Amino acid sequence: MEPQLKDSVTDGIATLVIANPAKRNAMSAAMWRALPDVLDRLAADPAVRVLVLTGEGDTFCAGADISALREPGDEQQTLAVRAEEALAAFPRPTLAAVRGFCVGGGGQLAAACDLRFAEEGARFGITPSKLGIVYSSSSTRRLAALVGPSAAKYLLFSGELIDAERALRTGFVDEVHPAGELDKRVAEFARVLASRSLLTQSAAKEFADGRLDRDDHWAEQARGSGDTAEGVAAFLERRTPRFTYGSRAASGR
């Protein structure tokens, strides 16, 4: 099978699969190049409320295709950073479902998601020091914000792999599940996210990511959305809310 990114949308949940099983789902230059366009297409679909990123089979992503790094120049790294930034900027909640190896560029992609759920036995590593590559400033800052400066330096300086339990302790992952239970938990939690207010999620995502200039924007969006009135009414009437912000408005990013 040719290396590719496969996507589908079911019940508001977009699933994006990294598929290059012959190389443990390593990202080729073509895959890095294609990822921002795939994300733009999914972001433009009002039916999409959540994005789940995962790998084909029993591995998340073993990083960039190392054979491409033999080529002169730094195109591969530039493409990887662009793809990572596009994923971080996706305007709806993103969840990485990780099993097996999540290494190098795979770690970049996982860190760019809002949340990461892992299967027991998963292995994580940020490995540029093994190749003499300078990790980009944006990727380094994102990793440090996620796990803290000391843990980020441990991963970057050593290139050593850590297990899922240590990744949980450092904050690299949010939940760890026994073998065979990850897909069920991811599907369950994605449905929860899809049922919540996209207005709340979009504002919270910007604020948590450090935006300081959007309070007035989101206050205006809230006044015009009707989501608050619907949420309060649903709570008082003991029914499931029917939020409409995502179906009627762009997220404003």
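Colleague: Which residues of α7 are buried?

Modeller: The model is a predicted one, and in it α7 covers residues 182-195, reaching 20 Å from its first C-alpha to its last, close to the 20 Å expected at 1.5 Å a residue. Taking buried to mean under 20% relative accessible area, the residues of this helix that qualify are L182, V186, F189, A190, L193 and A194.

Colleague: Why do the buried residues of α7 line one face of the helix?

Modeller: On the other side of α7, K184 and R191 are exposed, while the cover over its buried residues includes β3, β4, β6 and α8. Looking down the axis of α7, one finds that its buried residues line one face because they fall within an arc of 145 degrees.

Colleague: How many residues of β4 are buried?

Modeller: From β4, T94, A96 and V98 point one way and L95 and A97 the other way, and all are buried. The strand is therefore largely enclosed by the rest of the structure, the count of its buried residues being five of the five.

Colleague: Which residue of β6 is the bridge partner of A96?

Modeller: β4 pairs in the parallel sense with β3 over three bridges, where V52 has L95 as its partner in β4. The pairing of β4 with β6 is also in the parallel sense, over four bridges, and within it the β6 partner of A96 is R116.

How values were computed:
Residues are numbered from 1 along each chain as its sequence is written. This is a predicted model: local features need pLDDT of at least 70, side-chain atom pairs count only at pLDDT 80 or more; totals for chains, interfaces and linings use all residues. Side-chain values use heavy atoms; hydrogens and water are left out. Helices (H or I, at least four residues) and strands (E, at least two) are DSSP runs, numbered from the N terminus. The expected span of a helix is 1.5 Å times one less than its number of residues. Buried means under 20% relative accessible area, exposed over 50%, partly exposed in between (1.4 Å probe, protein chains only). The arc is that of the directions from the helix axis to the C-beta atoms. Contact means heavy atoms within 4.5 Å. Two strands pair if DSSP finds at least two bridges between them.
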